Amino acid sequence: MANKKLFGTSGIRGKIGSEVTSELALKVGKALATYLNYEGTVVIGFDTRTTNKMLEQALTAGLVEGGIDVIKLNMVPTPLVGYATEKLGADAGVMITASHNPSQYNGIKLWNANGMAYTPEQEKEIEDLYYSEEFGETRWDHIGSIVYNEEIKNQYVNDLVNAVDIKPGFKVVIDCACGAGSEISPIAFRKAGCDVITLNSQVDGFFPGRNPEPNDANLGSLKKAVVATGSDLGIAHDGDADRMITVDETGKVSDFDKLLALISKGFGGTVVTTVDAGICMDEAMAEVGGKVVRTPVGDVSVAKSIIEEDAKFGGEPSGTWLHPDFCMCPDGLLSGLRIAELVSHEGKLSELLSQFNDYPHKRDKVTCSKEAKVKVMKNMEDLLKDAFDDIENINTIDGVRITFDDGSWVLVRPSGTEDYVRITLEAKTEERAEFISKTCKKIIEANI
Ligand code: MG
C-alpha cells in the first residue's frame, strides 16, 4: 500500500493478502504506540472473521513493543470496543473488522478515550507515522502488559438493558449474519425481557447464512421468519453490529429514512443526520418542534456534530445510529433495543412508519474519472444556481445539496470510493423528480 492512502472512509479496510496483512497490523500497532507517546492502555476487540486473531496478535505485538498495555476483549461487536475504551479509562480502542464487507476483507478502526472514532486528522497522524516508520527504540524494560477482560461484556449488557423499558412479551427475531453481534445481541434482548428467536447467530467468519450487509436483498430469511413466527419485529445487524435495520411485523424491510425519522422524533430537541437523509426527517422534527443538523456522510462527522450541537441523537439512513447518552460509538444493539422499546409501547412498526409521507425518490449516477470528479464538482454550486430558480437553500458540506421552495431536494456528490458523481433526490411529485434528475445529469455531463 506504499503509495496509497492507509485510511478510507471507515478506518483501514481491504482484501486480506493484497491489502491487509499481519505486517500492516504490526506497523499500525507501532504507529499507534508512537502516537500515544509510548504510554497508556489500548482496548482491542475483533469480529468473527477468520483473519481476526492473526491481525489482533500482530497489532498487540506492535503496541506492547511500544510500551502500551493491552486489554483484549476477544470477539465483540464494535460498540463494545467504544464502550469499553471509555469505561475502562483506556487511551484508545481498536476494532478489527471489515464491517459489512465479505469474508475475504478485514480492517482496523481506531477509537478515542471517549468512545468516539478517530477523526480524519488523527488518522492522518497515524498514517504519517506508519509510512515514516519513526517508531522509536524498543526497550526491554518498557514492554506493555496483556490482559483479557470478559467482565466488561456483562457490564455492557446490563447498561444496555437498563437504558430501555420494553413491554413484556415482545417477540423479536434477530439476524446477526454470523457476525460480531451473534452471541451478545440475543442475550441483551432476552435480558431486556424480549421473547427472542435467533437467525444466523452462530459465530462463523465465512458468513454462511447471508451477506453481512443488511439490505432488502440479503434479508429473505429474516422477512419470512418474522411472519412465520408471528413476531413483532425483526432486527438485522451488519458484520460488526454497529448498525441495524428492522423488518416490520408484516415481513417488510423498513424504509431507512422513515425509521430514522421515527426514532429521532422520539428524542426531540436537536438531532444530527447526514446530507443524504430524506425529507421525513425535517417533517418529523418540525412536528415536535425539534431541529435537524446535517453533516457530511460518515459516523465521525455525526459524532463531532453531536458534541458541537449538544444533540440528543444522531444517525445515518444506513442504520448507523449514535446515542450520546450511552456512548459516542454507533451501537446496533442499543438502536435495536430502542426501536423494540418504542414499538412495544406505541403499536405496530408498519403503522408507526405509515405516518410519514412517501415522496418519489431517485438515485442516479454519472461515470466520472477521479480528475473529472474534481473538475465537475468545482463549479457545481454555481451551475445548479443557474439551472434552478426556486432554490430555498444550499448546503455544500459534502457535495452540493439543494432544498427547493416546495421542499424537494437533490444532492450531487462525488462517490468517495468509485468513479461516479451521484445524484440523490426526493421530490414532491414524479414529474418534479424527473425534471430535477434530468437537469442535474445534463449539468454533470456537460462539465466533465
Ligand atoms: Mg459496521
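I began with the magnesium ion and looked up how its donor residues are spaced in sequence, which is S-x138-D-x1-D-x1-D. Donors here are N, O and S atoms within 2.8 Å of the metal (3.2 Å for Na, K and Ca), and because water is not among the atoms, sites may look incomplete. The protein donors are Ser99 (OG), Asp238 (OD), Asp240 (OD) and Asp242 (OD), and they lie 2.1 to 2.2 Å from the ion. I noted that Asp238 and Asp240 are both buried, where buried means under 20% relative accessible area, exposed over 50% and partly exposed in between, with a 1.4 Å probe and protein chains only.

I remind myself that this is a predicted model, in which local features need pLDDT of at least 70 and side-chain atom pairs count only at pLDDT 80 or more, while totals for chains, interfaces and linings use all residues. Residues are numbered from 1 along each chain as its sequence is written, and side-chain values use heavy atoms, with hydrogens and water left out.

Next I turned to the largest nonpolar core, which has 71 residues, and found that Leu73, Val172 and Phe189 touch the most other members. Such a core is a set of buried Ala, Val, Leu, Ile, Met, Phe, Trp, Tyr and Cys residues joined through side-chain atoms within 4.5 Å. Helix α11 (residues 332-346) gives the most to this core, with seven residues; helices are DSSP runs (H or I, at least four residues), numbered from the N terminus. Among the residues that Phe189 touches are Leu333, Gly336, Leu337 and Ala340, contact meaning heavy atoms within 4.5 Å.

I then followed Leu160, which lies in helix α5 (residues 151-163) and is buried, with a relative accessible area of 0%. Leaving aside neighbours within four places in sequence, Leu160 is in contact with Ala188, Phe326, Asp331, Leu333, Leu334 and Leu337. Leu160 and Leu334 are 174 residues apart in sequence, yet 6.3 Å apart in space, C-alpha to C-alpha.

Last I looked up helix α1 (residues 22-35) and helix α2 (residues 52-65), whose axes come within 7 Å and cross at roughly 30°. Axes are lines fitted to C-alpha atoms, for helices over the stretch in contact, and angles run from 0 to 180 degrees between N-to-C directions. The two helices, α1 and α2, are therefore roughly parallel to each other, since angles under 35 degrees count as roughly parallel, over 145 as roughly antiparallel, 65 to 115 as roughly perpendicular and the rest as oblique.
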